[in-house]
Amino acid sequence: MSENERTCGFDPNNVDDQWWERSPDSLESDDDLNIPCDRPEWEDTGRCVLHAQRQKTVEDLNNTIEIGEKLDFAYIPGITLSELDIDFSGMIARFAEFSKVDFTGTSINGADLRYSNLQYSELGGMSMDRVNFSGANMQEATLERTECRNVDFSESTLKQALLSQIRLRSGVILDGADFTEVELTGAVAAESVLEDYESKLERGQNWHAASKEYRKWAAVADNSSLPDSYSRFYRKYKHSRRKSYDFFSIKRLFAGASRGFILYGESPYRTLLWMGAIITIATPAYSLTEGIRSGGETINLTCSNLPQYLYFSIAAFFSLPYANYSPVGFGAKLIAISESIFGALLIALIVFVLGRRATL
Ligand SMILES: [Zn+2]
């Protein structure tokens, strides 16, 4: 039997060193994987040129890969694709080994790269449409300044990937992708992409890590001029950061107060609500003391005198002159002083919140 008559016989179920991320069962049953492989053997490797686990040169591949051929389970790490005479748009290369592959200078529009290994691959500055990276391992891959449309990153691993200035346009799917320690400086995203991602985010167990991720996505929303998205990510960031502090700590206390009084600086309404509540509670509280006095005459809290009490309470809250009203006794003075202190603090807070929102 001559060498040329031997076939590859590659079967993913019988490989010791798997480079792909999921079991081939992850695909739907109607996806044809062509296994076992019936390509001719390559250079006494026992496998075809695609499936042999050996470093290949551009020449090796140029002579053997045909246009439109399925590259499932292909083992071609470290290759510069633009050096090959092949059009990679629409390529089908699931479960392939593409680590350290340089994709720049090619078009991979319409490519199916599900569950492939793209660790350390170079995809920076590319413009891609309809690419499926679902379930792929893209750890430490470079997608800097890459323009993505209808690109599916769902369930992919982008840990420590470089996504600076990436453009995530409409149709990009980020569900379940792992963005741990990802670099997102200057990235922008379409509103629908962020909204979809945000609605499916799970906060996980690690509050500290979660807060770092939310903060990055808040910045992406801010870069993209999407104030509502920004606000949602920012609140999640603050919430997870608060949770990451020790329960009995000053930081946790302040974060709790920030949430309670101003919703982390995002809601002037919450501050207004507190103002109203303090004035409303203080008004009848004066009746538990010796009350207030006007022109030397003590005013009892009755229905007809209620407006005068309310006036006094508002005046005390906003540190306005009480005119001819004055608190009587220690209790009433204490309430009036407390109102003034809370008033000053809440006015400062509302100025802070409004100023913060105006600069968005
Ligand atoms: Zn093969």
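Me: How many helices and strands does the secondary structure of the chain come to?
Reply: This is a predicted model, in which local features need pLDDT of at least 70, side-chain atom pairs count only at pLDDT 80 or more, and totals for chains, interfaces and linings use all residues. Residues are numbered from 1 along each chain as its sequence is written. Helices (H or I, at least four residues) and strands (E, at least two) are DSSP runs, numbered from the N terminus. The count for the chain is eight helices and seven strands.

Me: What radius of gyration does the chain have?
Reply: The radius is taken over C-alpha atoms, and the globule rule is 2.2 Å times the number of residues to the power 0.38. The C-alpha atoms fill a box of roughly 120 × 35 × 35 Å along the principal axes. For a compact globule of 360 residues the radius would be near 21 Å, but the chain has 32 Å.

Me: Which strands stand at the edges of the open sheet of four strands?
Reply: The sheet has the order S1-S2-S3-S4 with parallel pairing; two strands pair if DSSP finds at least two bridges between them. S3 (residues 167-168) and S4 pair over two bridges, and Arg167 has Val188 in S4 as its bridge partner. Each edge strand has a single partner strand, so one side of each is left without a neighbour in the sheet; these are S1 (127-129) and S4 (188-189).

Me: Why is H6 oblique to H7?
Reply: Axes are lines fitted to C-alpha atoms, for helices over the stretch in contact, and angles run from 0 to 180 degrees between N-to-C directions. Helix H6 (residues 268-285) and helix H7 (residues 306-317) pack with their axes 9 Å apart, at an angle of about 130°. Angles under 35 degrees count as roughly parallel, over 145 as roughly antiparallel, 65 to 115 as roughly perpendicular and the rest as oblique. The angle of about 130° therefore makes H6 oblique to H7.

Me: How do the residues of the contact of H6 with H7 divide into nonpolar, polar and charged?
Reply: Residues are in contact if their C-beta atoms, placed from the backbone, lie within 7 Å. H6 contributes Ile278, Ile279, Ala282 and Thr283, and H7 contributes Tyr309, Leu310, Ser313, Ile314 and Phe317. Ala, Val, Leu, Ile, Met, Phe, Trp, Tyr, Cys and Pro count as nonpolar, Asp, Glu, Lys and Arg as charged, and the others, Gly among them, as polar. The division is seven nonpolar, two polar and no charged.

Note on methods:
Contact = placed C-beta atoms within 7 Å.
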